[in-house]
Amino acid sequence: MSLSLFWRSSLCVRRRLLYPQLQSHLRSRWVFQGLLRASTSHIVTRSLSNADKQRFFSEDHEWVIVDSGGVGTVGISDYAQDQLGDIVYVSLPEVGDSFNSKDEFGSVESVKSASSLYCPVSGDVVDVNKQLDSDDGGDPSVINRSPYDEGWIMKLKLKDQSELNNLMDESTYLNFIGGEGNA
């Protein structure tokens, strides 16, 4: 069997195993390539909406979701953690700290780079995610695995809920990062 024939037959087997809807070898190559790109895109594969509450996003890729008591949970987006790579350290604020919108409240360090964290809304810190604190035996890479659930960074008692109007909803944010990816 020639090498070229081997790769072709191997590709057909992989197509059948990975994508049952593409079992027919008569499907055109561009359909397969298009589905492959779509299935590997972090924008498509990871759902942002895992709760009935609305999540808001800043242009700096932080998100906030507010409960009925006016407490906002803050973290970084899946897009941000993907761009950073493997996160190895998170600088957390202290409970009781007060921040205005767009104030720096910490940083995230990865094997590739470091990035400052900016508060998407004004508020007072009421809780921090100790699970991320590597100084206390935590695991900052939780953000890579679960940026919207277990990877939250802090909780704020919001000072002004109208500031949420300055943030993007999920669909606007997806369009925003889609534009960044093409830039």
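Leaving aside neighbours within four places in sequence, D169 is in contact (heavy atoms within 4.5 Å) with Q54, R55 and F57. In this predicted model, local features need pLDDT of at least 70, side-chain atom pairs count only at pLDDT 80 or more, and totals for chains, interfaces and linings use all residues. Residues are numbered from 1 along each chain as its sequence is written, and side-chain values use heavy atoms, with hydrogens and water left out. D169 is found in the loop between β9 and α6 (170-182); helices (H or I, at least four residues) and strands (E, at least two) are DSSP runs, numbered from the N terminus. With a relative accessible area of 27%, D169 is partly exposed, a class that lies between buried (under 20% relative accessible area) and exposed (over 50%), using a 1.4 Å probe and protein chains only.

Stepping back to the whole protein, there are 6 helices and 9 strands. Of the 183 residues, 39% are buried. Among contacts with a separation of 6 or more, 59% come from residues 24 or more positions apart.

Strand β3 (residues 71-76) is mostly covered, with 6 of its 6 residues buried. In a regular strand the side chains alternate between the two faces of the sheet. Here V71, T73 and G75 point one way and G72, V74 and I76 the other, and all are buried. β3 pairs with β2 (residues 62-66) in the antiparallel sense over 5 bridges; two strands count as paired if DSSP finds at least two bridges between them.

Elsewhere, 3 strands make an open antiparallel sheet in the order β4-β6-β7. β4 (87-91) and β7 are the edge strands, each pairing on one side only. From one strand to the next the twist averages 20°, with axes being lines fitted to C-alpha atoms and angles running from 0 to 180 degrees between N-to-C directions. β6 (residues 104-110) and β7 share 5 antiparallel bridges, and S107 has S116 of β7 as its bridge partner.

Then there are the pockets. On a 1 Å grid over the protein atoms alone, a pocket is an open set of points where a 1.4 Å probe fits, with protein on both sides within 12 Å along at least five of seven lines, and lining residues have an atom within 4 Å of a point. The largest pocket holds about 200 Å³ of space. It is lined by 14 residues, of which S58, E59, K102, N166 and L167 are the closest to its centre. That lining divides into 6 nonpolar, 3 polar and 5 charged residues. The second largest pocket comes to about 170 Å³. Its lining has 13 residues, with D60, H61, A80, L84 and S115 the closest to the centre. α4 (78-84) and β7 (114-118) are the elements that give two or more residues to this lining, which splits into 7 nonpolar, 4 polar and 2 charged.

Note on methods
Points joined across faces, edges and corners; volume = space filled by probe spheres on them. Nonpolar A, V, L, I, M, F, W, Y, C, P; charged D, E, K, R; others polar.
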